[in-house]
Amino acid sequence: MAKLHLISLGCNKNLVDSEIMLGRLKAYELTDDACSADVIIVNTCGFIASAKEESVRTILEIADAKKADATLVVTGCLMQRYRDELMKELPEVDLFTGVGDYDKIDEILLKKTNLFSPDTYLQSNDERVITGSNYHAYIKISEGCNQQCSFCAIPTFKGRLKSRSLENIVDEVRKLVQKGYYDFSFLSQDSSSYMRDFGVSDGLINLIDEIEKIQGVKSARILYLYPSTTSRALIEKIIASKVFHNYFDMPIQHISENMLKIMRRGSGEAKLKELLSLMRNAPNSFLRTGVIVGHPGESDDDFNELVKFLSEFKFDRISAFAYSKEEDTKAYEMTQVPTKTISKRLSVIEKVIKNTINDSFEAMIDRLCVASLEGESSEGEMFYAAKLDIWDKDIDGEILINESEVSDLKIGERYVCKITQSLGDKLVATIVKKAD
């Protein structure tokens, strides 16, 4: 049996595409050892400079390490965005494909031909091989994006919004539940725009209704809400749901009215604060956001306003990114903020982020929470790792389980845990009983 090694870079949307390819390549034996693989696939990210650099570096390292007769395939966003340049500059690569042909990867390998379909691949009925969990799966609900943010090139290589049919999504979730999965994260480039390409303004409300009807779905959350397409009705629907957690992931990118206009975000400061307050006031809510530091036009006053807001508003998690100058974006031709200034500002924001996480962790001590057992922890075999129900997988943290009042623990099962302490960037808990 030929061996396959797949590297999925970038976001979890990319991971779903990688799992589609694994579903098409079940004839191969998966291996973690790239040096022994007969086929190596690198699914790249092309969003910002650091991601592009990581993708190119990975390709070159793999090309150097692979055995002589192995086939190296490069696919994904970076390949789609810089197709002509990379095909010239990477003679080490055997096959190239973009973001339109994940479901044809078996055909590409069989025919040994490059393939670049004109449209971005939209998942349909293709079976995936879920990786990294026996209970949690990401569900992609759409592709592309209709927004016109000044800093983002995604619409130029992913195209406009294309939503999966609700029936198709529900069918996938049902099949995964039958296989034992019970925890789901729904995601896309702009999840709150789901079904707007069909004239439906609050398609996520319909999605929530249908997912709630599926017996066996115990836990769900929605990722990547966009401020201008997130309504009060949607937030209230999430709050009322017995399946979807009050998990609100909405990258605001900035809070300064001046910067929100320059960034072409479509929502002003007042709308952002209104939505965020509604989310924060929800029972047991969890708020994640993202910001960009050093975008062209960002003054000291704009930045200080952002720092003040992030320090005072009680987010649970904040991701901060240094502005990346990207071709084919509105911000590319604007006067750039000096690199040194961006670095200094990012250092300030990182201190705010550290305090934010500490405060969020401290607020959880002595609380009883439902968590799923993941296996051995990142700290080694002395601890089990667990994921809180409300958290998204991998990005929100890790619970270290050091004691249990339940014997015969099983990976993937849900347990009621008592949070006992905060240990650096992790929480420590004791398992009290098995969850319903």
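**Cysteines, domains and helix packing**

In this predicted model, Cys77 is buried, with a relative accessible area of 9%.

Cysteines
- A search of the whole structure finds zero disulfides.
- Cys77 accordingly takes part in no disulfide, and its nearest cysteine sulfur, that of Cys45, is 6.1 Å away.
- Cys369 is likewise in no disulfide; the nearest cysteine sulfur belongs to Cys417 and is 7.8 Å away.
- Cys369 counts as buried, because its relative accessibility is 10% and the cut-off for buried is under 20%.

Domains
- The domain assignment divides the protein chain into domain 1 (3-111), domain 2 (136-363) and domain 3 (367-434).
- Between domain 1 and domain 3, the C-alpha centres are 34 Å apart.
- An unreviewed UniProt entry lists residues 131-362 as "domain: Radical SAM core".
- Across residues 131-362, the chain is 40% helix and 16% strand, and the end C-alpha atoms are separated by 32 Å.

Helix packing
- Helix H8 (residues 203-212) packs with helix H9 (residues 232-240) at an angle of about 15 degrees, and their axes lie 9 Å apart.
- H8 is therefore roughly parallel to H9, because angles under 35 degrees count as roughly parallel.
- The crossing of H8 and H9 is left-handed.

Terms used
Residues are numbered from 1 along each chain as its sequence is written. This is a predicted model: local features need pLDDT of at least 70, side-chain atom pairs count only at pLDDT 80 or more; totals for chains, interfaces and linings use all residues. Side-chain values use heavy atoms; hydrogens and water are left out. A disulfide is a pair of cysteine sulfur atoms within 2.5 Å. Buried means under 20% relative accessible area, exposed over 50%, partly exposed in between (1.4 Å probe, protein chains only). Domain bounds come from an automatic or database domain assignment. UniProt positions are given in the numbering used here, feature names are shortened, and annotations may be inferred rather than shown by experiment. Helices (H or I, at least four residues) and strands (E, at least two) are DSSP runs, numbered from the N terminus. Axes are lines fitted to C-alpha atoms, for helices over the stretch in contact, and angles run from 0 to 180 degrees between N-to-C directions. Angles under 35 degrees count as roughly parallel, over 145 as roughly antiparallel, 65 to 115 as roughly perpendicular and the rest as oblique. A crossing is left-handed if the near helix is turned anticlockwise from the far one by less than a right angle, and right-handed if clockwise.
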